[in-house]
Amino acid sequence: PETMFFGREAEVKTLVEKAGVADYAIIGNRKIGKTSLLKRAWARLAASGQIKPLMVDCQTVRDAAGFFAAFQAQTGIKLPSATPEGFTAALKDLRQDTPLVLMMDEVDALLTDEQAHGEPLAAAWRALAQAGVCRFVFCGSTGLARRLDDPHSVFFNFPQPMPLGYLGPETARLVLTQPLETLGIILEDEEKLLSEAWALTSGHPYFIQYLGRGLVDAANRRKER
């Protein structure tokens, strides 16, 4: 929920304020918080009513056909044909007076297939962005990063890179302590524990959450808060 989201406010603000006018590529390693960031930005855009955000989870998508199937299933938008041309036509019909933003998570495998086939779908994405029909936010890791740096790729000079790193000490502290506070769990020797938590996790959000879950389990075993 909104009240439990920490650490990516600058990135969320950029994605929300620039929606409809810029394209972004969120790049980071596994479990660094890419999907959480994407969902938070999507929720804020949906709540604003000024942008129509669409989201497609491409984790199991391996080719263009899989993308078209996932797009239709997850957005409820019917394509006239499962082709880049059909996709383009559907988004042009949908555009109307409300700007569109398509957010795609875990695109690396799809981009690998695109590269092997001349990037016809990626070319359609870029053309839609340049025409102002739809803006795009891609989420991925090394595969997406390589496309951005490849001068022969459609992605070169297309989305702006938004790399995600580890959390800073203060934000990491909030990620650990705020959920525990909502559960009524009090940390003994809090400063020492938080210092050790930082040393163990280096600010990696997944490891911080893993540690927090362990503390909850420990409190439950002790039957106290």
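Trainee: How many aromatic pairs does the count come to?

Mentor: This is a predicted model, so the values are computed from its atoms. Two rings pair if their centres lie within 6.5 Å. By this rule the number of aromatic pairs is 15.

Trainee: Are the planes of Trp125 and Phe138 stacked, edge-to-face or tilted?

Mentor: Planes under 30 degrees apart count as stacked and those over 60 as edge-to-face. The ring centres of Trp125 and Phe138 are 5.4 Å apart and the planes are at 45°, so the pair is tilted.

Trainee: Which elements hold Trp125 and Phe138?

Mentor: The two residues are 13 residues apart, and their pair links distant parts of the chain. Both are buried. Trp125 is in helix 6 (residues 120-130) and Phe138 is in strand 4.

Trainee: Where do the buried residues of helix 2 lie around its axis?

Mentor: The buried residues in helix 2 are Lys34, Leu37, Leu38, Arg40, Ala41 and Leu45. They cover an arc of only 165° around the axis, which puts them on the same side of helix 2. An α-helix has 3.6 residues a turn, so residues three or four places apart point the same way. The answer is therefore the same side of helix 2.

Trainee: What distance separates the end C-alpha atoms of helix 2?

Mentor: Helix 2 has 15 residues, 34-48, and at 1.5 Å a residue should span 21 Å. The distance in the model agrees with this: 21 Å.

Trainee: How many disulfides does the count come to?

Mentor: A disulfide needs two cysteine sulfur atoms within 2.5 Å. The sulfur of Cys58 is 10 Å from the closest cysteine sulfur, in Cys139, which is too far for a bond. For Cys134, the closest cysteine sulfur is in Cys58, 13 Å away, again too far. The number of disulfides is zero.

Key
Residues numbered from 1 in each chain as written. Predicted model: local features only at pLDDT ≥ 70, side-chain atom pairs only at ≥ 80, totals over all residues. Heavy atoms only, no water. Helix = DSSP H or I, 4+ residues; strand = E, 2+ residues; numbered from the N terminus. Expected span 1.5 Å × (residues − 1). Buried < 20%, exposed > 50% of the residue type's maximum accessible area, 1.4 Å probe, protein only. Arc of directions from axis to C-beta. Phe/Tyr/Trp six-rings, centres within 6.5 Å; stacked < 30°, edge-to-face > 60°.
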